[in-house]
Each structure stands twice: as C-alpha cells, then as structure tokens.
Amino acid sequence: MVAEPGYGEFMSNTDAAPTEVTCANSKFTGVLHPREVPLGGPRAMLVRRTLPQRDRSMIGAWCFADHYGPQDIRTGGGMDVPPHPHTGLQTVSWLFDGLIEHRDSAGVHATVRPGELNLMTAGAGICHSEVSMPETSILHGVQLWVALPDAARDTDRDFAHYAPAPRAVDGATVRVFLGELAESRSPVHTFTPLLGAQIDLDAGSALTLDVDPAFEHGVLLDQGAIEVCGTTLAVAELAYQAPGSAQLHLANRGDSPARAILLGGPPFPEELVMWWNFVGRSHDDIAAYRELWQANDARFGDVHGYAGRIARLPAPPLPNGRLKPRPRPSS
C-alpha cells in the first residue's frame, strides 16, 4: 500500500486521515475517469481528480491532477488555504477563471491569473498559502504536481511565472506553459523533460500534433467534447497515450468550442512515496518531513502576510503501517 496525497483544498490536503491506495504496475492505456472530492465544510466545492489512480499513477513526472469549476464562490466563501508544506515536487497552478493570491516561504507574493503559469519548486521544503481574491466570483482551473527526480528533490525553493502567447494552429489555439509543442517553447526550467499546454479547439475542428515519441501523454478535458484515440471524453476525463507515437490526434465532436490540458513527459523511472503534501522515497522520508513540519523547522520557512483563519495547517497522523514506494506503471 502507498498513501495517496489526499486533497483538502487545492494545493493542500486538509484531510485529517489521508486515504491509501494500492499502486501496482499497470499497462493501462485507456481513459482515466475522475472521482469527485469535496473540499471543506457543508458548502464544499468539489474537485475532480484523475491522477493518481490505481490504474495509472503518473504521466511522465506529472503525479497529481485535479480539475475544478467553474464554481460560483460568491455564496461559498471562496478559497482560504493556510500555510502548508511541500517537499520533492513542483506545483503548477493554471486557471481558466478567477484570481488567487499566492504567498510562500521563499518570499514570493504573486497573483495566479487565467492563462498564466505559476510554478513553485518545493525542493527540500517550502510552505505557501492560497487565497481567492475579493474580485473573484468564479473559480475554474486545474492544479497539478510534478515529481522531482532524486538528484533534484532537495534543490532550493524557487518560483517561476510565465504568460504564454496563444498560437493559432489548424482550427485550434495552443498555449504552451511547459516544454515545447507546435513551434512554441516555454522558457520555464523543469528538472525532467515535460510538456504542459492548453489547447482550445473550434467547433467541428480536428488537429494533429507532432509530439515526442519518447513521451507518454495525457489529455485532460476541461469543456466540450474532444475525441482522443477514438474515444470522446467527458469533462475531467483523461485519455492516456503511451510512448511510441510521433503524433497525437484530437477532434472536437461538439457544436461549440472545446478545451483541454495536454500533459506529457518520458516515463518517470523512480519509485515514489506520496502522502499528504509530501513526495519522498521511503516511509522514513515522509515521517521525517511530517515531524519537521510539526516542529516548525526552518526546512519549510514561514509565510509572511497571510491573514487567514489559522496560522498554519497541522499535519494529520501517519497511517498505521509503513508507507511503501509507488512503483512506475508499465507503459
């Protein structure tokens, strides 16, 4: 068994008892169906989670994917995520609607805006807070995690912002926020080769993209009816394409515009342990991270300027038994 990084609110897990799932080797190459996860109290916002799952826990180094909204937060109190820790990963914020205030222990104070990448590198340890801004009425976007390879998982804290220019291609618009696609390249540094892009397809259009055959790819549908690999996706479903193909075929089967997020990367060769907001390589890694966070250790630093409901998010108890590494699925 390996603990899934259960989710409480967006980039944080406020669950008092994060669940565990078995992560076995898999040759799964079809469509991953999301499950809904409630965030918070009686008027909880729901997110739709597609990664990780038992059938497939990663796509390249992408190890976590949630889709949420569009949600009117004017009657639900909005987002208020207290300072919470991360290790061994990068967090990717990508919005379609809304504004979120980000603060972290590297001293960054930034705004997450639609169509603009905010990428935070946790490395050895970071903490951050997220709060929806007063002018936000609708929240709609995806939250993603990228696992750092062992050689870089103790790297320094960092933060990158990038607003990719839209590129028109064959009845579609592509915004590449990580990696390279359709003659667009993101300047943002990653520790393994990655692809991350928003693709908007006109009604009735079809698109063939040249992709790296060494990559595995996932297409996460945000809205509309996009067909991938012969299957028309529903909202928040994720179609998986294994390495070996130099092209990816997309078609909008609806009568209105459609939108998807494309993720890719070479198969990640290392075993991981993921629990709460931590990525490590062993139970002992996770237990040590949790103990240091609870002790307010300098490894994670402090967030300045957050004025929310509690000063910092406490870690839940570790589950009974030792956490085991998450093996790589077989492609």
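Let's start with the aromatic rings: Trp275, Trp276, Phe278, Tyr289, Trp293 and Phe300 are linked by ring pairs into a cluster. A word on terms: rings of Phe, Tyr and Trp (for Trp, its six-membered ring) pair if their centres lie within 6.5 Å, and the pair is stacked with planes under 30 degrees apart, edge-to-face over 60, and tilted for the rest.

Before we go on, please keep in mind that this is a predicted model, where local features need pLDDT of at least 70 and side-chain atom pairs count only at pLDDT 80 or more, while totals for chains, interfaces and linings use all residues. Residues are numbered from 1 along each chain as its sequence is written, and side-chain values use heavy atoms, with hydrogens and water left out.

Back to the rings. How many aromatic pairs does a search of the whole structure find? The search gives 7. One of them is Trp276 with Phe278, an edge-to-face pair at 5.5 Å centre to centre, with 75° between the planes. Both Trp276 and Phe278 are buried, and buried here means under 20% relative accessible area, with exposed being over 50% and partly exposed in between (1.4 Å probe, protein chains only).

Phe278 also pairs with Phe300, and that pair is tilted: 6.1 Å centre to centre and 35° between the planes. This pair links distant parts of the chain, since Phe278 is in strand E28 (residues 278–280) and Phe300 is in the segment after H1, 22 residues apart. When I say helix or strand, I mean DSSP runs numbered from the N terminus: helices are H or I with at least four residues, strands are E with at least two. Are these two partners buried or exposed? Phe278 is buried because its relative accessible area is 0%, and Phe300 is buried because its value is 0% too.

Arg312 lies over the face of Trp293, 3.7 Å from the ring centre. Elsewhere, the charged end of Arg56 sits over the ring of Tyr240, at 3.9 Å from its centre. For a charge to sit over a ring, NZ of Lys or CZ of Arg must be within 6 Å of the ring centre and within 35 degrees of the ring normal.

Now, the chain as a whole. There are 28 strands and 1 helix. Of the 331 residues, 57% are buried. Taking contacts between residues at least 6 apart in sequence, 73% join residues at least 24 apart; contact means heavy atoms within 4.5 Å.

Gly115 gives us a local example. You will find Gly115 in the loop between strand E10 (109–112) and strand E11 (117–121). Gly115 counts as buried because its relative accessible area is 18%. Beyond its neighbours within four places in sequence, Gly115 is in contact with Trp94, Leu95, Ala163 and Pro164. From Gly115 to Arg175 it is 60 residues in sequence, yet 7.9 Å in space, C-alpha to C-alpha.

Finally, some backbone details. Leu51 and Pro52 are joined by a cis peptide bond, with omega about 0°; Pro52 is in the loop between strand E5 (45–51) and strand E6 (62–72). Another cis peptide bond joins Gly69 and Pro70, with omega again about 0°, and Pro70 is in strand E6.

Ala182 has a positive phi, near 50°, although it is not a glycine. Ala182 counts as partly exposed because its relative accessibility is 22%. Asn296, in the segment after helix H1 (283–294), also has a positive phi, about 60°.
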